[in-house]
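Colleague: I'm new to this one. Could you walk me through how to read it?

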Amino acid sequence: MFHTADMLKIFQQYRGDAIVVPGRSGRHWTEISTRPELDVPLGDPAMGGHASFAFGLAMALPDRKVVVFDSEGDLLMSLGTLATIAEHAPRNFYHFLLDNECYATTGGQPVPNARNIAYDAIARGAGYQQAFAFDRLEELAINLSGLLARPGPVFVAMKVVPEIQNEPIGRRRRWQKRSREQVLKDLRDALGIAT
Amino acid sequence: MTEQAILSPETVLAEMKKNGVTHVVWLPDSETNWLYLLMKAEPSLTLIAVSREGLALSAAAGLSAGGKTPIVLIQNTGMMESGDSLRGWVLGLNIPLVLLVGYRGWTRHGVTQDTAATYTERFLNAFGVNYYLVENDADAPRISVAFEEARKSRRPVAMLVGDEYHGFNR
């Protein structure tokens, strides 16, 4: 297991001009990223939808890499999205999974069968041609550049340390620096997309 | 006996093309097979099949954020399943989106044994989503009205299809 923030610091070195949908890692990523105009930190609009949202972006923008940091709780809620993504197999889509084996934002309760799920195997079974799993940061760091250089879709499951939150949602520190509307506007402006 | 007016799949497809639809994000409902065959043969459309309706809404939100014009094609049963995605990914991100919703159980006289119909309009009203009914080809221009309204309001607009395309009646 490794810390999400440590992984993101390494990822930042290789992100290039990829669009990044940080999902639940947004609070770290907004502090690390040097290309905020290409980031889509939306927080959690509705659980289970990060991957399919990012897939939609990838389908809309085939000439631009799209990286999503999904979580295992989200993915378990919407496993069917793997089949949809695999069917279209966007070459610009990179699906990273943060697996902390629990629902960290609700106090750390385990997800179903938390320690016994091979998400890379599920992705492969759904039709991803390239699916990998890492539980050591050193190993991921060595391979990250190569993973991002491959044509997508690429699935990368990672075991990360849970960052459990027990405070009521209303009392948590807000990490978002921009509204969701502003995030999408900034992205469209950066890419020259008419609204 | 006069022939009952229908909403033909060709008319629905023409409305999609007229309004610049690029992607159809969909999950088949009980009578859309003929429309499916037409859409599949239409080179300007990319069909994205999902396995649960909530995923259609988040995928469509991503497509829209990337500058495309998706339409979501689902049944009212699945629309009700997708409530949280509708809230978060569409309403929450101000996504202009037309939902073409098969109105299972709908009857003009209002008497139905199908609770899918019973709750359809109540569901849309609960989310503050405007909607129009299309029953036959004469109603089809309402689809363009929905696209225009979605663009201007940056909100979803639902088309409730009270005919379901006569999909298997060919």
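Predicted model: local features only at pLDDT ≥ 70, side-chain atom pairs only at ≥ 80, totals over all residues.

Modeller: Residues are numbered from 1 along each chain as its sequence is written, while chains are lettered from A and ligands numbered from 1 in the order in which they are written.

Colleague: How many helices and strands does chain B have?

Modeller: Helices (H or I, at least four residues) and strands (E, at least two) are DSSP runs, numbered from the N terminus. Chain B has 7 helices and 6 strands, and along the sequence they run α-β-α-β-α-β-α-α-β-α-β-α-β. The radius of gyration of chain B is 15 Å, close to the 15 Å from the globule rule for 170 residues, so chain B is as compact as a globular protein of that length. That radius is taken over C-alpha atoms, and the rule is 2.2 Å times the number of residues to the power 0.38.

Colleague: What share of the residues of chain B count as buried?

Modeller: Buried means 20 or more other C-beta atoms within 10 Å of a residue's own, exposed means 12 or fewer, and partly exposed is in between, with C-beta atoms placed from the backbone. In chain B, 48% of the 170 residues count as buried.

Colleague: And which residues have the most contacts inside the largest nonpolar core?

Modeller: In soluble globular proteins, nonpolar side chains tend to be buried together. A nonpolar core here is a set of buried Ala, Val, Leu, Ile, Met, Phe, Trp, Tyr and Cys residues joined through C-beta atoms within 7 Å. The largest has 98 residues, and those with the most contacts inside it are A:Val66, B:Ala56, B:Val72 and B:Met159.

Colleague: How many residues of each chain are in contact with the other?

Modeller: Contact means C-beta atoms, placed from the backbone, within 7 Å. By that rule, 27 residues of chain A meet 26 residues of chain B. H3(A) gives the largest share of chain A's side, 8 residues.

Colleague: Is A:Val67 buried or exposed?

Modeller: A:Val67 is buried, with 26 other C-beta atoms within 10 Å. A:Val67 sits in strand S2 (residues 66-71) of chain A. Not counting residues up to four places away in sequence, A:Val67 touches A:Arg15, A:Ala18, A:Val20, A:Tyr94 and A:Phe96.

Notes: Contact = placed C-beta atoms within 7 Å.
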